[in-house]
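Please read the numbered points with the model in view.

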Amino acid sequence: MFVRILFLIAFLQFLPDTVSPIWASGSDALESGRKTSQSLISQGKNLFVQYCAHCHGTSGDGDGFNAEYLEKEPAELSHKKFQAKKTNHQIFRAIQKGGEGVRKSTLMPVFGNTLSEAEIWALVAYVRYLGKDDAHPVFLPTGASTERPAGMRLSRKDIQAFAHWLEEEGKKDALAAEGEKLFKKKKSCFACHQLDDEGGRVGPELSRSGRLYRPEWIYAWVMNPQAYQPESKMPNMGMLPEEARSITAFLNSRVPEDRKFSDDLTPYLQATGDPEKGKALFYDPEGQVYCSKCHRVHGKGGEVGPDLSHAGTSRTAEFLLESILDPKAVITSGYATVLILTREGKFITGIKEVEDDSGMEIVDKEGREIYIRKEEIKKYKTQKISMMPGNFKDLLEVQEVADILAYLKTLTLPEFSKEPKPAQ
Ligand code: HEC
Ligand code: HEC
Ligand code: HEC
């Protein structure tokens, strides 16, 4: 015990930002004789794969696919030095408060508004496991909350107030400049999103966001992604409404002239579509397109492609059209296609669902889930193609596309619609 304390003291000098002595923390090192529970570690593993591995790597070596796009290297969590110099509480705080809360790079996102305290402890346990560190067993402190922070969901009034603000002030250059600063420096957005040629690749590229997303949606989404997509990898960053407004003003100003849509969309936009006809096409198993084979709307339909239940609220007509006519132009994040060559010489292609140390789970275009172990994979690469058929433009008449578009536009969240609230 004594030797261990000396050892820790020796490390203290490398810790300029440490104020309190590290052996003082409750669930920490010197509670000797007890071990971290397996169930805490495996809960941590699932969370790590979902929220951390893209930057820190599945083994915590700091080499996730997104790491090369970051100006600051993600910490090598599995490294002995890292393990030795951090207490469990310090690791907990870094995850909970993000880089901005512990005076580290803001490229490390904040997770305390997204995950429960118990989940963050499970992550600490898994970080220790990755480092093969037995010296700091992790225990759930009594009273650690197991509930995820609720986060707020904007009401119709909030969204109308935002729309009003956008109209009055939202186009000012000063706001966009402030939003750019938040995006690139003060918040973690740049760690996951590409703008022009810089930035991370975890989420979609946002260089064209002024054309692709409705501003009300950007605002609502950024305030709380989990309200609309509980499993999103994008954490709730606990933003103040004015911060989210500036960021929206900035993203909404991004309408590059040289990044036009790949097709001329005018004839499709000018035709008047019939949503009922569009809906019939969408769900027709005998039809040429059968969108619902792959897409869910309000729980009905396949799971190969993204859920389209609120596509009309979040996407502009141009975005929706481009997705139908030229699916590979923008690959929805999380739906990249991988091509795998197995050791037996077989090719398998599908959408990568999960990847961890032992293998990869993919979904093929029939919606079948296939698990492939690492040892079976000879080579694999991510492809710039979509699992969505690329020939709808030839199969469908302009009028039919306009009908489908009209149907997609009806898929809205009630609080975003412009009509006054119906009497109850
Ligand atoms: C978008 C990329 C990204 C994601 C996602 C991410 N991190 Fe990090 N993380 C970083 C970067 C970059 C640093 C380095 C910060 C620095 O040294 O200034 C870092 C640092 C850390 C640190 C060390 C902080 C310190 O005090 O030195 C811990 C612990 C950590 N991350 C844990 C996690 C966990 C756990 C998750 C998942 C819940 C996660 N990170 C998700 C990019 C990321
Ligand atoms: C840890 C990575 C991460 C960080 C940090 C992050 N995002 Fe995202 N973002 C994503 C992912 C992944 C998606 C894809 C949507 C999903 O999860 O379904 C996304 C989607 C989006 C979208 C499109 C929403 C839609 O309807 O598809 C916008 C706009 C956006 N993010 C803005 C931001 C802004 C602004 C910030 C900073 C305040 C930010 N993001 C920080 C990962 C991140
Ligand atoms: C074989 C499966 C399949 C069929 C059939 C299919 N899609 Fe898709 N769709 C996908 C996949 C996978 C993606 C995500 C990859 C991408 O962005 O291309 C996608 C993406 C989209 C997107 C973009 C979603 C977003 O938010 O980024 C829209 C919109 C869309 N599809 C509409 C349709 C419509 C309308 C039809 C019918 C005319 C259709 N799809 C038919 C598989 C399919």
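1. Helix α16 (residues 317-325) gives the largest share of the shell around ligand 3, namely 3 residues. Helices (H or I, at least four residues) and strands (E, at least two) are DSSP runs, numbered from the N terminus. The model is predicted: local features need pLDDT of at least 70, side-chain atom pairs count only at pLDDT 80 or more, and totals for chains, interfaces and linings use all residues. Residues are numbered from 1 along each chain as its sequence is written, while chains are lettered from A and ligands numbered from 1 in the order in which they are written.

2. Around ligand 3 there are 26 residues, of which Cys291, Cys294, Gly305, Ser386 and Met388 are the closest. A residue is counted as near a molecule if its C-beta atom, placed from the backbone, lies within 6 Å of it. By class, this shell around ligand 3 has 18 nonpolar, 5 polar and 3 charged residues. Here Ala, Val, Leu, Ile, Met, Phe, Trp, Tyr, Cys and Pro count as nonpolar, Asp, Glu, Lys and Arg as charged, and the others, Gly among them, as polar.

3. Which residues come nearest to ligand 1? They are Cys52, Cys55, Lys104, Ser105 and Met108, out of 28 residues around ligand 1. At least two residues of this shell are supplied by each of α3 (53-56), α5 (88-101), α6 (117-130) and α9. The largest share, 5 residues, comes from α5. The shell around ligand 1 divides into 19 nonpolar, 7 polar and 2 charged residues.

4. Ligand 2 is surrounded by 26 residues, and Cys189, Cys192, Gly203, Ser232 and Met234 are the closest. The elements that give two or more residues to this shell are α9 (189-192) and α11. Its classes are 16 nonpolar, 8 polar and 2 charged residues.

5. Helix α11 (residues 215-223) also meets helix α12 (residues 241-252): their axes come within 9 Å and cross at roughly 135°. Axes are lines fitted to C-alpha atoms, for helices over the stretch in contact, and angles run from 0 to 180 degrees between N-to-C directions. The two helices α11 and α12 are therefore oblique to each other, a term for angles that are not under 35 degrees (roughly parallel), over 145 (roughly antiparallel) or 65 to 115 (roughly perpendicular). In α11, Pro215, Ile218, Tyr219, Val222 and Met223 meet Ala244, Arg245, Ile247, Thr248, Leu251 and Asn252 of α12; contact requires C-beta atoms, placed from the backbone, within 7 Å. The contact of α11 with α12 has 8 nonpolar, 2 polar and 1 charged residues.

6. An open sheet is formed by 5 strands in the order β8-β7-β6-β5-β9, with antiparallel pairing. Two strands pair if DSSP finds at least two bridges between them. The edge strands, β8 (369-373) and β9, each pair on one side only.

7. Within this sheet, β5 (residues 337-342) pairs with β6 (residues 347-355) in the antiparallel sense over 5 bridges. Thr337 has Ile351 in β6 as its bridge partner. The hairpin of β5 and β6 has 4 residues between the strands, and Gly345 takes a positive phi near 85° there.

8. Strand β5 also pairs with β9 (residues 377-383), again in the antiparallel sense, over 6 bridges. The bridge partner of Ile340 in β9 is Tyr380, and that of Val338 is Thr382.

Conventions:
Contact = placed C-beta atoms within 7 Å.
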